[in-house]
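Please take a moment to look at the sequence and the structure shown below. The paragraphs that follow lead through them step by step.

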Amino acid sequence: MKCLGVLLCYNDGDLLADSIAYLREQRHDIVLWDHGSTDNTAEVVARMRGELLEASFIPGDFDFYELYPAMSRHMIENYVRQYDWISWPDQDEFLEGPSRSRTYYDSLVEVSDSDCDWIEFNNVTYWFTVADDPSVASAPGRIRHYSLFPDCAPRIRSWRASATRPSPRTPSSTGSSSQPSAPSSSDAVTISNFKFSPGTETVKSGTKVTVTNNDSTAHTATSNDGSSFDTGDIDPGSSKTITVSKPGTYAYHCTIHSFMHGTLVVQ
Ligand SMILES: [Cu+2]
């Protein structure tokens, strides 16, 4: 059974190594986004990069309330089809089955074989005390002090991957939108680490702009006005071109990762 864990991180660097190690113990591949942490999160991520399927840094000025929808679209676009089960704890949470005598992974296998599509978890607080055994490597094994968080409704943190269905995307008409005009020269925008570079590109009217995706996940370059240009999906390692004739300043974004923004100035 293939399990994928999602971690959205913000300034919980002291717990992050345990969270990553725990999901790995429970046989999950991990997609991690760090939302502009200012503590040692980046250092922990760098140290544990080999344990992570994906680690991306999302700028802190990206709206927190857009983060979950953006991650959801990212998951649907890139991962949901390849996995059987998704676990999406808060980054300071350890997901466990109903009994600690079995691993979370073993509980997931049981649920996966049932008709259930998701799991609700009671919200339990834990804390470290001197009575905990620091020689136990597994954090949940180490922590012995739990209490049920009062007045807190159970939360869904884990579900069948196929229950996350792609919403129909508006198909992009063609790979590029171009008005007839003599192309004068060409220019390039590259995408690396979820960023368009240069952030603002200035070209002459009719210039063919090549957008190259150096990431390991698909992106688009889509004008915010919804009509001037849309590359459609640019697969990892490939390029698409945009040609715009009408002079103006065109803000654009990636439809899969709405926090990715760029500007094309056509003179
Ligand atoms: Cu993107």
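L7 stands opposite L32, a residue of strand β2. This pair belongs to the pairing of β1 (residues 3-9) with β2 (residues 28-35), two parallel strands joined by seven bridges. Two strands are said to pair if DSSP finds at least two bridges between them. Strands and helices are themselves DSSP runs, numbered from the N terminus: a strand is a run of E of at least two residues, and a helix is a run of H or I of at least four. The model is a predicted one, in which local features need pLDDT of at least 70 and side-chain atom pairs count only at pLDDT 80 or more, while totals for chains, interfaces and linings use all residues. Residues are numbered from 1 along each chain as its sequence is written.

Strands β1 and β2 are part of an open sheet of six strands with mixed pairing, whose order is β3-β2-β1-β4-β8-β5. Strands β3 and β5 (118-121) have a single partner strand each, so they form the edges and one side of each is left without a neighbour in the sheet. On average, neighbouring strands of this sheet are turned by 20° against each other, direction ignored. Helix α1 (residues 13-25) lies across β1, β2 and β4 (85-87), and its direction is at about 155° to that of β2. For such angles, axes are lines fitted to C-alpha atoms, for helices over the stretch in contact, and the angle between N-to-C directions runs from 0 to 180 degrees.

A further open sheet has four strands in the order β11-β16-β15-β13, again with mixed pairing. Its edge strands, β11 (200-203) and β13 (222-223), each pair on one side only. Within this sheet, β15 (residues 248-253) and β16 (residues 261-266) are antiparallel and share six bridges.

How is the protein divided into domains? Domain 1 covers 3-163 and domain 2 covers 186-266, with bounds taken from an automatic or database domain assignment. Their C-alpha centres lie 33 Å apart. Eleven residues of domain 1 are in contact with eight residues of domain 2, where contact means that the C-beta atoms, placed from the backbone, lie within 7 Å. On the side of domain 1 that touches domain 2, β3 (54-58) and α3 (64-78) each supply at least two residues. Helix α3 gives the most to this side, with six residues.

Key:
Contact = placed C-beta atoms within 7 Å.
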